[in-house]
Amino acid sequence: MVEKVKARVQELLASGKVKGFIGLRELHGHIGPYLFTDGGDLDGFVIGDRKAAGDTRYPLNTQLIMISRQYPEETLGVLVRGCDERGLKTLFNTNQLKPEKVVSVGIACPQELADVCECMKPFPEEFVAGEASEARPFGSVERIESIEIGERLKVWLGEFAKCIKCYGCRNICPMCYCPECTLEAKDFQAVGSIASENPIFHLTRALHMAGRCIDCGLCSEACPADIPLRTLYKKIADIVDLEFQYRPGYQDSKGKMSPNVLGEAAKH
Amino acid sequence: MEYRTVLTTCTYCGCGCGFYLEVLDGRVVGTIPCKTNPVSEGKLCVKGWNVHEFIHSPKRLTQPLLRKDGALTPVSWDEALDFTAKRMREIKEANGSDSVAFLASAKVTNEENYLIQKFARAAVGTNNVDHCARL
Ligand code: SF4
Ligand code: SF4
Ligand code: SF4
Ligand code: SF4
């Protein structure tokens, strides 16, 4: 699988179609983001399946934004799974990246990963490796919703109580690109004091994920307290979809927002 | 255009979380927790997440300073170490080995901590060894 991806990346770099390719590299047994600039040197190129499929994914779109801001004239390549592609589309819509300056190389996720992610679309529009797995976007939201509402509130408050305010959920999120973040704003969070209280911190971030979260799951993976953040944001995405007929990243391939983006709720 | 990720260990506490420092055109611009690190498994605390921020701080000490005539003055490592060794020997000779204490650090490697306690016990002759993690 990785050979097919490498061949494509090699071709993109050799032809000069991209100045660099943001992917993953394994070095000394560890896997991390890497900018490949020489098609002849793709040593260590991996797709992020170390012991299990997708267990070493990183928010490569974040690196893409950072490098693009520094080099706005250059075209860059990036490795994408289904969720990363949804991220790209949303980042194009919100003017964080220019579609004409990004070339994505897609891979499809195996069923085992799609099941863990409860993914709605475990593959990008086009992919050079892997096979389109079945979407099975059910489980965690339904499980928590089956709990009686008063009890459910207790469950969530119990989860939030474990938070150590590391800001990892915000930091790792490829969709949290704001130059000034509410979670650090002076009127929200006094400098030098204990971080903002629960559940305000978590619900503020959850609301910000409305129309933004592309359900990559990296926040849950980065949370030292194992708070099921992804489940919370999945529910937010369901509500936005219901009210506005919009789910980030599922627009047409030109990156246009769905014309229904403001939906029925806009008339209220 | 040069973007590199450099795998390293957090200097803030003795936990030893692993992360990549992101280096863009020679400047350290970010921290990404390393998913394959067996200690931290892709997670960090708020200090670790912001560890890159002190690297380019103008307030950082970049060379040894020695107080000369009441003013901190930049000196070479040789001069700083010679001065320290000389004073330590004088203090030890005047007041005995136990008049000296060694403070090790959670921010250095096990091997460096081993060396400092060995130096304290074998070279100076004291068991006065403590560490900065006694917070
Ligand atoms: S969210 Fe979907 S596309 Fe992304 S890694 Fe999981 S299965 Fe793959
Ligand atoms: S799943 Fe988490 S990390 Fe991914 S886009 Fe949503 S909030 Fe951000
Ligand atoms: S938490 Fe909200 S304000 Fe902060 S970066 Fe994310 S979307 Fe922006
Ligand atoms: S990653 Fe988890 S522990 Fe850290 S701030 Fe977010 S919710 Fe809290």
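## Chains A and B in a predicted model

In chain A, the mean positions of the 33 positive and 37 negative charges are 2 Å apart. The structure described here is a predicted model, and the values below are computed from it.

### Chain A

Chain A holds 10 helices and 5 strands. Its radius of gyration is 19 Å, in agreement with the value near 18 Å that a compact globule of 268 residues would have. The C-alpha trace of chain A extends about 60 × 45 × 35 Å along its principal axes. Of the 268 residues in this chain, 48% are buried. Among contacts of chain A with a separation of 6 or more, 61% come from residues 24 or more positions apart.

### Helix 10 of chain A

Helix 10 of chain A covers residues 229-244, which makes 16 residues. From its first C-alpha to its last it reaches 22 Å, close to the 22 Å expected at 1.5 Å a residue. Which residues of this helix are buried? They are A:L229, A:R230, A:T231, A:L232, A:Y233, A:K234, A:I236, A:A237 and A:V240. An α-helix has 3.6 residues a turn, so residues three or four places apart point the same way. In helix 10, A:L229, A:L232, A:I236 and A:V240 are among the buried residues.

The cover over the buried residues of helix 10 includes several other helices of chain A, among them helix 4 (111-117), helix 5 (140-145) and helix 6 (149-160). Helix 7 (168-172), helix 8 (200-208) and helix 9 (218-222) of chain A also belong to this cover. Just after helix 10, A:Q245 adopts a positive phi of about 50°.

### Chain B

Chain B has 3 helices and 7 strands, arranged along the sequence as β-β-β-α-β-β-α-β-α-β. Its radius of gyration is 19 Å, whereas the globule rule gives 14 Å for 135 residues; chain B is therefore more spread out than a compact globule. The C-alpha trace of chain B spans about 55 × 35 × 25 Å along its principal axes. Buried residues amount to 29% of the 135 residues of chain B. For contacts in chain B between residues at least 6 apart in sequence, 36% join residues at least 24 apart. Chain B carries 17 positive and 15 negative side chains, with the centres of the two sets 4 Å apart.

### Accessible surface

| Chain | Accessible surface | Carbon and sulfur share |
|---|---|---|
| Chain A | about 13,200 Å² | 54% |
| Chain B | about 8,700 Å² | 55% |

Terms used: Residues are numbered from 1 along each chain as its sequence is written. Chains are lettered from A and ligands numbered from 1 in the order in which they are written. This is a predicted model: local features need pLDDT of at least 70, side-chain atom pairs count only at pLDDT 80 or more; totals for chains, interfaces and linings use all residues. Side-chain values use heavy atoms; hydrogens and water are left out. Helices (H or I, at least four residues) and strands (E, at least two) are DSSP runs, numbered from the N terminus. The radius of gyration is taken over C-alpha atoms; the globule rule is 2.2 Å times the number of residues to the power 0.38. Buried means under 20% relative accessible area, exposed over 50%, partly exposed in between (1.4 Å probe, protein chains only). Contact means heavy atoms within 4.5 Å. Accessible areas come from the Shrake-Rupley method with a 1.4 Å probe; for residues, only the protein chains shown count as cover. Lys and Arg count as positive and Asp and Glu as negative; His and the chain ends are not counted. The place of a charge is taken as NZ of Lys, CZ of Arg, CG of Asp or CD of Glu. The expected span of a helix is 1.5 Å times one less than its number of residues.
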